[in-house]
Amino acid sequence: TIQVPVYDIKPGKVSQVKTAITQISERLGNAISLVRLPSVNNYQQIIPTIDQKTLQSLAPAIDMDTLGKTIPYLESESLIKALSIANEKALSTAIARAETKQLSKIVPNLSTEKIAKILPKMDASQIAKVTPHLTAKQMADVIKKLDNKTLIETVQNAPVTEAMKIVKSLTSDKTVEILTNIDSSKLKSIVGEMDIDELSSLLSSAKGADINKITTELSGEKLTEAIGKMKPSDVERVLSALQPSRRREIVSTLPEDVFTSILPRLPADELSSLIPQFDEKKLDVITDKLGYKELSSLLPHLDEKGLTRILARASDEKIVGIINVTDVERAKQIIGLLPEQRAVNVMLHAQPNVLTKIIDRLDVNVMLKALPNLNEQQLAAIIPILRQEKFSEVLKHSPNDLVPTIISSAKPEQIIGIVKSGDVDAIKKLIPYRSKQISEIFKSMPDKTVLEILPRLDDQSF
């Protein structure tokens, strides 16, 4: 056993201290642990004066807490030497005591391994103080070792730019978990700084209430842009999580291609409520991409103005399809809102069962324009169900070559009704084809009524 004195190095005579330390290091080897450097002032004076090798040999004698307190005050090479011998305790002390300017010198000179070891053991406020000075790799390594509670507190305490650096180093799922647990003010600041791609990725990973919390802090314009970058399934999920009023706001401003992709999955009542504010392009998408059954499901939710806008953009075939699957009253409403030529077109495309729904609402002029182009089946469907007045008008004003078909399709009651009404112009149309029947009807009528009709007939009809 070698007995050696304890050397207490006093401040002041740096050159003598340097010589003494060098000699002690050479002579005592491991016994250098008996050397004590008691104060920050000692360290601050001595470390710059001795070389790396000597300082390394002194390491066992260094009080690490005092070294940690000294590190923030060291510069350049002295700082690097001190950091090389500092243990976790010294580094933690140094970081805790250092100011921003001092940290900007310390952190870049620490290895990623050391940073990743010491920061997770520090509290969130200290971590937040360090993050501005971390490289991307250092940040990623530190983040991996932080528990969620510390991570949330760190993001909450860090300046927005640094919080963004932390967020960017996280996985999407982790980002959602952290951001939805910080206060709304900080969340608004962070999502406000995100670019569209980052925001789109974040929302694609979020679910339910988390989506609602994140999007509450976003402007409609930015949210619309972010949604525009998502897959249709993610768009649908994000929209379904929004409050109805917010969802309507976003849907009304979606790009046409995105709107098209989600259209079939939008609730009918919400889509209907948006029709008054949609531009013509979106209405074209609706009437083009939705089938007549889907379009008909919108009708109960539309006022007359909204229905008119849809009908104006829908094809004749779609309108016929809608009428086919809707109730009679709605069918009559639809045909009543169509311009005359559209109504004619619908008649021409309609199957007999559709015609029977709308015939009462059709204007006579529409019918007269359509009749020459209707086939026998269509005529056979509509003529027998015409009310007496309308049947009479149709018969009187139809071209002569169509009259036989109309008459052959009519019910006996309709023929009788015309004769008994005394409508001479209609009776004239009937006589060439039903003269015997009309004579029989006249026989059943009062003489006075018949004598009022007969003189008004032309000679041939008489």
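Setting aside neighbours within four places in sequence, Leu67 touches Tyr43, Ile47, Ile62, Ala82, Ile85, Ala86 and Ala90, where contact means heavy atoms within 4.5 Å. This is a predicted model, in which local features need pLDDT of at least 70 and side-chain atom pairs count only at pLDDT 80 or more, while totals for chains, interfaces and linings use all residues. Residues are numbered from 1 along each chain as its sequence is written, and side-chain values use heavy atoms, with hydrogens and water left out.

Leu67 also turns up, with Ile227, Phe259 and Ile286, among the residues with the most contacts inside the largest nonpolar core, which holds 147 residues. Such a core is a set of buried Ala, Val, Leu, Ile, Met, Phe, Trp, Tyr and Cys residues joined through side-chain atoms within 4.5 Å. Helix α34, residues 424-444, puts in the largest share of this core, at eight residues. Buried residues (under 20% relative accessible area, with a 1.4 Å probe and protein chains only) make up 47% of the 462 in the protein chain.

As for the overall build, the chain has 35 helices and zero strands; helices are DSSP runs of H or I with at least four residues, strands are E runs of at least two, and both are numbered from the N terminus. The C-alpha atoms fill a box of roughly 155 × 30 × 30 Å along the principal axes. Among contacts with a separation of 6 or more, 68% link residues 24 or more positions apart.

Methods
Buried < 20%, exposed > 50% of the residue type's maximum accessible area, 1.4 Å probe, protein only.
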